[in-house]
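Please view the sequence and the structure together while reading.

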Amino acid sequence: MPIAPAQLARSLGALDTLDIEQGLAATLEQVLGSAKTLLHADRVGLLLVDQSGALGWASASDGTAEARSGDLNVPVHVGGGPVGTLDVYLTAPRRWDDSEVAALHAYAGLVASLLVAAVTARVTGRLADQLRAAFEHRLLIEQAVKILVDREGLDAQAALAWLGTAARSSGYPLIQMARDVVGGAPLPSDRLAQARAERRSATDLEVATHRRDSELHEGAARGYERRGQAGRAQTERLQAAAARGRIIDAEAERRRADAQP
């Protein structure tokens with residue numbers, strides 16, 4: 001469901017007393033728990049690149065270890081490179097609103113800040129060791145992501161997700177798959193085909209959503225005009241026009257996705 005900017009601000013603002021020196025594990029669980037509540041999710045988890053170069057479980061809102069990609073995930077970037085992903089898990093399918101994706105990105109930024117603070121504070125323990133490994137590997141992973149973006153037409157988020165999927169399906173550590181991609185090896189073709197199909201489905205859904213919004217605003221504008229409220233009718237027509245602009249952008253993205261070999 002849509003998340004208003006004020007909701008996101010309140011959710012993040014409630015975490016202003018975080019203290020990384022009281023423990024990285026507990027601090028991350030607190031942040032992930034807050035994201036879970038905001039997104040009405042069953043679980044929110046953090047996956048980090050571990051010492052073996054694989055993308056593995058680091059923390060979760062309920063403490064449960066689940067080293068698999070979630071139903072929605074965004075990369076966690078530190079120092080210009082990805083160190084892991086922030087994943088949302090659901091028991092029932094859901095269509096994600098743009099504001100929910102933006103909120104998860106905001107939480108990924110907060111998690112990244114905590115990870116940097118943990119390194120600066122020289123926090124110790126399992127998570128700290130995994131974090132140091134993630135920092136060491138991030139530049140090579142970022143190289144592989146950029147190559148997939150340029151070569152395969154995926155966006156950065158999809159490239160990172162499918163890099164991890166290809167690594168798991170091949171039995172390779174993530175860092176080895178990244179090294180292979182940088183060396184010129186392609187991701188398995190079925191993975192890329194599925195990634196492209198999912199991207200096309202996502203843009204189709206986006207087009208339908210914006211078209212519905214345009215129709216709703218146009219209908220509201222006609223209603224205000226009948227009641228003689230010209231100002232409110234004009235506002236609704238402007239919102240309808242903005243929705244039609246988003247349709248044009250989404251359809252252009254769909255044509256680009258369909259044109260991919």
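## Aromatic rings and charge

Rings of Phe, Tyr and Trp (its six-membered ring) pair if their centres lie within 6.5 Å; planes under 30 degrees apart count as stacked, over 60 as edge-to-face and the rest as tilted. By this rule, zero aromatic pairs are counted.

A charge sits over a ring if NZ of Lys or CZ of Arg is within 6 Å of the ring centre and within 35 degrees of the ring normal. The charged end of Arg43 is placed over the ring of Tyr89, at 5.8 Å from its centre.

## Basis of the model

The model is predicted: local features need pLDDT of at least 70, side-chain atom pairs count only at pLDDT 80 or more, and totals for chains, interfaces and linings use all residues. Residues are numbered from 1 along each chain as its sequence is written, and side-chain values use heavy atoms, with hydrogens and water left out.

## Ser11

Ser11 belongs to helix 1 (residues 5-13); helices (H or I, at least four residues) and strands (E, at least two) are DSSP runs, numbered from the N terminus. Ser11 has a relative accessible area of 12% and is therefore buried (buried means under 20% relative accessible area, exposed over 50%, partly exposed in between, with a 1.4 Å probe and protein chains only).

Ser99 lies in helix 3 (residues 98-120) and counts as buried because its relative accessibility is 18%.

His40 occupies the loop between helix 2 (24-39) and strand 1 (43-49). His40 is not a glycine, yet its phi is positive, at about 55°. With 48% relative accessibility, His40 counts as partly exposed.
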